[in-house]
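Reader: Hi! Could you walk me through this one while I have it open on my screen?
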Amino acid sequence: MADELWDEIQNLELGQEDPALFIPHEAYVMVEASNNLSLIARPLNPRVQNLNSVVVALPRSWGLTTQVHGRVLDATYVQFLFANEIDLMMVQRREPWLFNNWFVAATRWQVAPAHNLVTTIDLWVQIRGISLPYVSEETVLEIAQDLGEIISLDFHEATSPQIAFIRVRVRFGITDRLRFFQRIIFDSGETATIRFQYERLRRLCSSCFRFTHNRAYCPYRQRPLSIARERALFCDSVQRSSMNSQSQMTESSFPVPMTPPPRVDPPPMNHSEFVAAYPHLATATNVNYRFTGDSSTSRQDLSSGSNNILPRRTTHFTDHRRCFETGQSSRQNENREPRRPTERMLPPSHFDHVQRAGGILKPPKKR
């Protein structure tokens with residue numbers, strides 16, 4: 001906040017009414033001599049072309065790392081100082097140059113530079129599709145001049161080794177729209193479609209075909225009806241991608257709720273539905289639900305209207321073989337006569353033998 005306030009104070013018209021300060025010519029007489037062997041360059045897409053990186057990368061691509069000194073002039077231009085004229089002319093002859101797949105326009109320094117130092121760029125254009133009977137220098141010049149100012153023509157009818165395409169160096173404005181096709185009509189009535197291929201062109205706007213920006217920042221593209229809606233959709237997509245990314249996942253990505261959700265007690269079971277679902281259980285047992293004083297162990301009546309899970313219950317069986325009073329099982333064991341240790345179960349044939357013998361148990365005869 002303090003920095004922004006300080007910048008606003010500096011931009012105020014403070015001191016403009018004071019008398020001007022005079023600078024003698026001797027103070028800057030050497031500047032003209034040092035800048036005479038220099039190029040003023042302008043990256044055409046500053047959104048993706050950092051000026052400090054351009055100053056370092058271009059002398060390396062020229063092979064003149066130690067012979068060229070680069071520096072940033074402002075937010076738009078950079079300057080390259082050369083040690084001799086030969087290196088400067090070599091760099092100009094091999095234009096245009098690229099950084100980060102976008103063009104960098106350059107021009108030689110002038111004594112009295114204009115406000116817009118770099119407004120044009122020279123590109124080599126390959127003209128393709130001219131029929132053989134019409135291939136000539138005049139035909140090529142007629143076609144190329146419609147593109148822009150012709151700088152040079154790389155074609156000679158007697159010495160050119162090929163005519164599949166003809167190279168022409170054309171000067172374009174940095175805001176000009178590139179064309180890739182042109183329909184022409186010859187005097188004979190024949191028509192042809194000429195194709196233009198731009199050398200070293202790697203990136204351009206797919207909407208307006210200019211090389212100063214990409215499609216996302218195209219000022220000539222028709223915007224949607226609601227820019228706010230487009231911005232909201234973009235922010236939503238960014239948030240979704242950050243949440244889906246494992247590298248962005250943290251413990252606070254999905255915060256725990258402050259209070260747990262309320263627990264809802266299950267409703268009582270419907271007796272009619274229970275009987276219809278389990279008829280064998282309903283007829284074989286007499287299920288009773290009794291209420292006790294403790295709410296945690298209370299049994300609910302089956303006459304309630306619900307089809308939920310069976311509540312926990314205690315089944316009381318009326319079968320006399322399983323129901324015993326306290327101490328009854330022990331008393332029955334006391335009244336029962338103990339079995340003789342020697343007595344054992346005999347087959348029916350032995351009992352018949354005992355009855356015939358008059359009730360006296362006799363061992364059977366050996367056969």
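Reader: Where does F209 lie?
Author: F209 sits in the loop between β10 and α6. Helices (H or I, at least four residues) and strands (E, at least two) are DSSP runs, numbered from the N terminus. One thing to keep in mind is that this is a predicted model, where local features need pLDDT of at least 70, side-chain atom pairs count only at pLDDT 80 or more, and totals for chains, interfaces and linings use all residues. Residues are numbered from 1 along each chain as its sequence is written, and side-chain values use heavy atoms, with hydrogens and water left out.

Reader: Thanks! What is phi like at F209?
Author: F209 is not a glycine, yet its phi is positive, about 60°. Most residues other than glycine have a negative phi, and most peptide bonds are trans.

Reader: Switching topic: which residues are joined by a cis peptide bond?
Author: That would be E95 and P96, with omega about 5°. You'll find P96 in the loop between α4 (85-93) and β4 (97-99).

Reader: Good to know. How many salt bridges are there in the whole structure?
Author: A search finds 5. A salt bridge here is a side-chain nitrogen of Lys or Arg within 4 Å of a carboxyl oxygen of Asp or Glu. One of them pairs the side chains of D122 and R171, at 2.8 Å from N to O.

Reader: Which strands hold D122 and R171?
Author: D122 is in strand β6 and R171 in strand β8, so the pair ties together parts that are 49 residues apart in sequence. D122 is buried at 11% relative accessible area, while R171 is partly exposed at 31%.

Reader: Nice. What does R167 pair with?
Author: R167 forms a salt bridge with E199, and their closest N and O atoms are 2.8 Å apart. R167 lies in strand β8 and E199 in the loop between β10 and α6 (227-244), so this pair ties together parts that are 32 residues apart in sequence. D154, R167 and E199 are linked in a network of salt bridges.

Reader: Now the inside. Which residues touch the most other members of the largest nonpolar core?
Author: In that core of 32 residues, they are I127, I130, F172, F196 and Y198. β5 (102-108), β6 (120-128), α5 (137-144), β8 (165-173) and β10 (191-198) each supply at least two of its residues. A nonpolar core is a set of buried Ala, Val, Leu, Ile, Met, Phe, Trp, Tyr and Cys residues joined through side-chain atoms within 4.5 Å. There is also a second, separate core of 19 residues, including L37, L51, L58 and V91.

Reader: What does I130 touch?
Author: Leaving out residues up to four places away in sequence, I130 touches V135, T139, V140, I143 and I194. Contact means heavy atoms within 4.5 Å.

Reader: Last one: how many bridges join β9 to β10?
Author: Strand β9 (residues 181-185) runs antiparallel to β10, and 5 bridges join them. Two strands pair if DSSP finds at least two bridges between them. F181 has R195 in β10 as its bridge partner. The hairpin has 5 residues between the strands, and G189 there takes a positive phi near 100°.

Conventions
Buried < 20%, exposed > 50% of the residue type's maximum accessible area, 1.4 Å probe, protein only.
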